[in-house]
Amino acid sequence: MTHPLLGLPPLSAARFASIEDRVARLLGTAQDVVITQGEALLPLEGAIRGAAGPGTTALNVITGPYGQTFGDWLRDCGATVVDLSVPFHTAVTAEQVREALAAHPEIDFVSLVHAEAATGNTNPVAEIGTVVREHGALFYLDAVASVGAEPVLPDAWGVDLCVIGAQKAMGGPAGVSAISVSERAWARMAANPRAPRHSYLSLLDWKERWIDGGRRALLHAPAQLEMLALEACLERIEAEGLETVTARHASAAAATRAGALALGGGLEPYVHEAAQAAPVATTLRTPPGVVASELVARVLAEDPGLPLAAGGGALAKDMIRVNHYGPAATVETVRSSLTALGAALAGRGPAVDPQAACRAAEDAWG
Ligand SMILES: *Cc1c(COP(=O)(O)O)cnc(C)c1O
């Protein structure tokens with residue numbers, strides 16, 4: 001008996017390398033790309049543990065929950081951490097980064113999240129990259145929520161460690177991820193006696209045993225299902241065109257924002273400035289007296305297929321996330337999300353106008 005997911009032959013080293021090359025093309029990078037066999041937290045943690053240690057002073061930019069996690073890892077590695085936090089309804093500016101670097105000239109590592117699906121903001125990485133390069137620090141970027149939704153260009157932006165995952169705007173699997181690594185970043189890891197080696201977290205193992213060996217022998221049996229799914233999703237993006245895919249996400253964000261404002265009911269964009277709102281997902285603030293997690297639960301009870309979620313942790317009270325990414329970045333999904341939110345809000349506060357919301361969304365889609 002055959003089953004499409006079972007009995008697959010092992011994935012060859014050549015196939016694995018060709019998928020890495022496709023990821024490199026997606027990122028427009030000439031740096032080494034390593035595909036990591038796990039959810040994006042694997043390379044995110046592996047890169048910090050590889051590149052940071054007791055001698056490191058890190059500027060950790062916090063614009064959402066992931067920045068907080070990175071600070072914890074950096075401290076755990078023995079690094080001295082300078083936190084730069086901005087309110088979650090905004091983005092950090094290059095000027096704020098410049099000031100932090102000027103106040104702490106010893107900073108030699110900067111960690112930043114490009115876009116945060118959890119808070120709905122996106123940071124100006126190109127401008128920040130210029131500032132970080134001038135200072136000379138190693139630049140670490142979490143681009144999991146931005147790749148596929150907006151441009152991610154590690155080489156052009158001077159990013160030394162750029163982590164992506166396929167599960168958001170790429171519309172792919174969550175079980176594999178990838179990282180691009182600059183020569184400077186490899187050198188930093190090689191010089192770090194505490195960098196993981198002979199470990200699942202070790203990027204250096206892949207450098208020494210895979211890349212330096214000409215990518216002929218894999219370190220272990222790769223996860224075929226996830227690798228094949230990653231390859232399929234890269235093929236799909238290439239066929240649609242990366243620019244078309246990112247444009248679809250930008251339209252979804254603009255349409256959701258305009259539609260929510262036209263809907264009424266007291267809903268407001270959580271991120272104040274449209275330019276700082278992430279194309280991957282739109283966060284909305286519920287009016288006083290409406291608990292976001294309860295509102296979302298009511299909507300999903302009617303239509304479990306809608307890409308809605310409440311904010312995590314303390315944000316569950318007043319944040320709704322419209323996760324219009326991957327296959328959900330369509331005008332139909334935006335319309336049905338707004339209509340369903342309107343129905344759930346009706347009669348609970350200020351008037352709602354779902355038809356006006358849909359019209360505004362269609363106009364903003366462009
Ligand atoms: C989604 C996301 C990740 C990956 O986390 P999951 O919750 O496992 O999907 C990492 N970083 C950022 C900024 C993300 O938005």
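**View 1. The lining of the second largest cavity has seven nonpolar, two polar and no charged residues.** In these classes, Ala, Val, Leu, Ile, Met, Phe, Trp, Tyr, Cys and Pro count as nonpolar, Asp, Glu, Lys and Arg as charged, and the others, Gly among them, as polar. The structure you see is a predicted model, in which local features need pLDDT of at least 70 and side-chain atom pairs count only at pLDDT 80 or more, while totals for chains, interfaces and linings use all residues. Residues are numbered from 1 along each chain as its sequence is written, and side-chain values use heavy atoms, with hydrogens and water left out.

**View 2. Meet the residues that line the second largest cavity: Val23, Ile164, Gly165, Ala166, Met170, Val176, Ser177, Ala178 and Leu230.** A cavity here is a set of points, on a 1 Å grid over the protein atoms alone, where a 1.4 Å probe fits but cannot get out; lining residues have an atom within 4 Å of a point. This cavity holds about 40 Å³ of space, a volume being the space filled by probe spheres set on the points. Two strands, β8 (161-165) and β9 (177-181), each supply at least two residues of its lining; strands are DSSP runs (E, at least two residues), and helices are runs of H or I with at least four.

**View 3. The largest cavity has a volume of about 90 Å³.** It has 14 lining residues, and the closest to its centre are Tyr66, Asp142, Val144, Ala145 and Lys168. Both α2 (41-51) and β5 (115-116) give two or more residues to this lining. By class, the lining divides into nine nonpolar, one polar and four charged residues.

**View 4. The ligand sits in the largest cavity.** "Sits in" says that more than half of its atoms lie within 2 Å of the cavity's grid points. Around the ligand you can find Glu39, Tyr66, Val113, Ala115, Ala117, Asp142, Val144, Ala145, Gln167 and Lys168, each with a heavy atom within 4 Å of it. This shell has six nonpolar, one polar and three charged residues.

View 5. On its own, the ligand has 370 Å² of accessible area, and the protein covers 80% of it (Shrake-Rupley method, 1.4 Å probe).

Technical notes
On a 1 Å grid over the protein atoms alone, a cavity is a set of points where a 1.4 Å probe fits but cannot get out, and a pocket is an open set with protein on both sides within 12 Å along at least five of seven lines; lining residues have an atom within 4 Å of a point.
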